[in-house]
Amino acid sequence: MRRFDRRISAIRAILGIHHQSRGSDELASRLLVNLKILDGDAMNTPVELEQAAHLDTSRTGMSKTSLQRDFLNNLFFVLGKFPGLASQHDYYLALAYTVRDRLLARWVDTAETYMRKGSRTVSYLSAEYLLGPHLGNNILNLGIEKPVREAVTELGLNYRALIDEEVEPGLGNGGLGRLAACFLDSLATLEIPSLGYGIRYEHGIFAQEIVDGWQVEKTDTWLRHGNPWEIVRPEWAVEVRLGGHTERVEDAHGRQHVRWIPARSVLGVPYDTPILGFRNQTANTLRLWCAEAVDSFDLTTFNRGDYWGAVHRKIESENLTKVLYPNDEQIQGKELRLAQQYFFVSCSLQDMLRIMRMQGIPLTSFHEKFAVQLNDTHPAIAVAELMRLLVDQHGMAWSTAWDVTRRTFSYTNHTLLPEALEQWPATLFARLLPRHLEIIYEINASFLDGIRWICLGDTATVARMSLISEGHEKHVRMAHLACVGSHAINGVAALHTDLLKQDVLADFHAFMPEKFTNKTNGVTPRRWIALANPRLASLFDRRLGEGWLTDLTRLREIEPLAADADFRAEWRDIKRANKARYADYVRRVTGIALDPDTLFDVQVKRIHEYKRQHLNLLHIVARYHRLRTHPELDLPPRTFIFGGKTAPGYAMAKLMIRLITAVAEVINRDPVVNRRMRVVFVPNFNVRTGQLLYAAAELSEQISTAGKEASGTGNMKFMMNGALTIGTLDGANIEIREEAGAENFFLFGLTTEEVVQRKRDGYDPMLHYQTNPDLHAALDLIRSGFFSRGDGDLFRPLVENLLHHDPYMLCADFQSYVDCQTAVDEAYLDTEHWTRMSILNTARSGKFSSDRSIREYCDEIWRVKSVPIIRDIRLSRVKSSST
């Protein structure tokens, strides 16, 4: 025993543990056992015997003891660190590798099962995946938070600090990428065979800072310290060709073929990340492609003294996946963006062909093996690329290849904004993808022949439906290519799908109505309730038992509890605690103190004119003006919270951010009102900060112009966490109102039909300015320089745009919005009534789980069935073969 004590003291000294404690001695003793540095008659102490009894070698144990052992092993053997040298990030990595070890058996079992069964597989093609931090999500899905927390706490570490240490991968711009992440979560939870395909951007969405009130973009460096969740698969790399020209050749049988002679090639290397289902054995794969040079170093050029030339090809190739959404205002940016889209699509389709070869499936069954979903128009080039692969590389007849292609793809449209429906100059296509342009022309010719036959030569219809726009410069219409090359087209909210049918894609709906369907978006309750709001999740666990996280409709069971005073009090306590938690975060980030006892009124989303953050601001300025001139008004104190990023080149949206920060500076300093209202713009909104905010919010601002928002998903996250919505009849707001009940939703504004009619009649925003005193006062206060230290020119472009153009009809909706905000004030003053409304919103949010969305895709579009994974298939097969 004395020998063991001496070694404990020695190992404590080696590890740099300078104070004795129960935790430090336990850490040292575990290291002695795990690293097997005891000699002689080992395992002769009570501590050693206890450790030996609980340690296994599978790296999959879920006990506290197994987790501690593997944590220490990873710290030493993977990271090469000991506690005296280890940083907080080292400890995070050790924990991440320990959790990843528990995923790997599931991951391998899942892949083996899919391969053995030849499972029909969903391939989800998306240019964005806004995944959020992995560690907490994987711990939740494995169901091991309690032993993990105990394991690291006993080792003297802070569990929450380790979770927060993870750098968030910003591989998306907003709703599109976050939806893709929610869908991957639901696919794995529902045990659906699937592969997510995308791009491994070295630099994701920029980190946003606010400097002198303006948005400043900082480079995202999420890979600076490595990514413990991914595994590189260089053996599955594929070659992608770009540029050059095509030529016609004749084979030995006299048949004509097209040969593409590229100007250059790049290598696509896959990096795989496991996507774990909730409390099951499924771990699907997200495969992200990284561009590398085919030949990374030219030694001959280097030896001639041309050092730049020796690595030029490597740099040029790696630029392809260097950054998310390069600025495409210049032609070089457009070319890079199109190249990015083609690169990941070609890599992904080639990977699917590899899987088919490995499983011995004929190419004519491609559409039976894979259901390929195009997440918006970014991957639409896949239609032409699959045709090229099947026809040019594998010799399939055109008609057969076209039938396979159309039966393979389905297309989700995510926008009603014409500028967001991608179109690429035909000259750019010819330079970058010459063979694909030829294929698109051939598809278009055949398609338009059929349209002419049906519409008896109506040239206007033919021109509208063509895959090529014939203006001053020819452009390739990617949405049209996706429509023609897919067997299904869906919108993402009931109104959005109706507007696609009636307006954006009306001609396509007229000729192929059977393709169109609606699939309202959803979000995963695992991240957006269980992770974001553990207090609320615990309440549901106690009241509903297990199962509600995979069947969110069970939240309906808490509806009767809205009448229970004790339950309402507990509900308010949870919300108050979440508000205090968020207020602490805001104070640390901005220095601004928020009062958790005020109404938290929140608008967080991409900053854009159609989302109308400036309408919210006009109400704030009008409210400020009223309180200054009528301080006797009985209005409940409010905290107005903004967050979101805008594109670096979007000048008007950047000016909107500047106005938010300017108004905040004035109001927060004004002692007359700053106890009754406060404004804050919280920088760098992302998934992690969203988890804090959605749980704290009480009023959700969903105030886009009717007919402009496709769906929205932030509105669903707010609803799940008990926030009430103030909004227009736009996107999924309509369905949220239907589910929550009109009496539990604050509705204002023009309808889509009224917006169209007002514009048709000749909308004049100046008339509203001249006849509405509150609007007049608010705009004059901004224009006067009151919020810009006397600089009347700073916000002039924004004000003038509203007065003379107002494309998103803020002035028309202003009074209705103000009146609705008055109704919010009145409701909030009645605490019990507000709480009942909050409970009912959450109770009726079950429809908006992404599990429901994915079930509808599986049943109605993809025709895919679940494939349950049986644990340790590999091990059982090895055992059976050995016997």
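**Notebook: salt bridges, a sheet and a pocket**

I began with Glu112, which is buried at a relative accessible area of 12% (buried is under 20% relative accessible area, exposed over 50%, partly exposed in between, with a 1.4 Å probe and protein chains only). This is a predicted model, so I kept in mind that local features need pLDDT of at least 70 and side-chain atom pairs pLDDT 80 or more, while totals for chains, interfaces and linings use all residues. Residues are numbered from 1 along each chain as its sequence is written, and side-chain values use heavy atoms, with hydrogens and water left out.

**Salt bridges**

Glu112 meets Arg116 in a salt bridge, 3.5 Å from N to O (a side-chain nitrogen of Lys or Arg within 4 Å of a carboxyl oxygen of Asp or Glu). Both sit in helix α5 (residues 88-117), 4 residues apart, about one turn of the helix. Helices here are DSSP runs of H or I with at least four residues, strands are E runs of at least two, and both are numbered from the N terminus.

Next I looked up Arg431 and Glu335, whose side chains form a salt bridge at 3.3 Å, N to O. Arg431 is in helix α16 (residues 426-432) and Glu335 in helix α12 (residues 331-359), so this pair ties together parts 96 residues apart in sequence. Arg431 is partly exposed at 41% relative accessibility, and Glu335 is partly exposed too, at 25%.

Then came Arg435 and Asp392, with their closest N and O atoms 2.6 Å apart in a salt bridge. Here α17 (residues 434-455) holds Arg435 and α14 (residues 382-393) holds Asp392, a link between distant parts of the chain, 43 residues apart. Is Arg435 buried or exposed? I found Arg435 buried, at 5% relative accessibility, whereas Asp392 is partly exposed at 24%.

I also noted a network of salt bridges that links Arg233, Asp272, Arg287, Asp351 and Arg354. The count for the structure is 55 salt bridges.

**Strand β9**

I moved on to β9 (residues 264-276), which is mostly covered, with 11 of its 13 residues buried. Which strands pair with it? (Pairing needs at least two DSSP bridges between two strands.) Strand β5 (residues 231-232) pairs with β9 in the antiparallel sense over 2 bridges, with Val232 partnered by Tyr271. Strand β6 (residues 238-242) is also antiparallel to β9, over 5 bridges, and Val240 stands opposite Val266 there.

β10 (residues 283-293) runs antiparallel to β9 and is joined to it by 11 bridges. Tyr271 turns up again here, opposite Leu288. The two strands form a hairpin with 6 residues between them, and Arg279 in the turn has a positive phi of about 55°.

**Second largest pocket**

I got about 680 Å³ for the second largest pocket. A pocket is an open set of points on a 1 Å grid over the protein atoms alone, where a 1.4 Å probe fits, with protein on both sides within 12 Å along at least five of seven lines; lining residues have an atom within 4 Å of a point. Grid points are joined across faces, edges and corners, and the volume is the space filled by probe spheres set on them. Of its 30 lining residues, Leu416, Pro418, Leu499, Asp503 and Val504 are the closest to the centre. The largest share of the lining, 7 residues, comes from α30.
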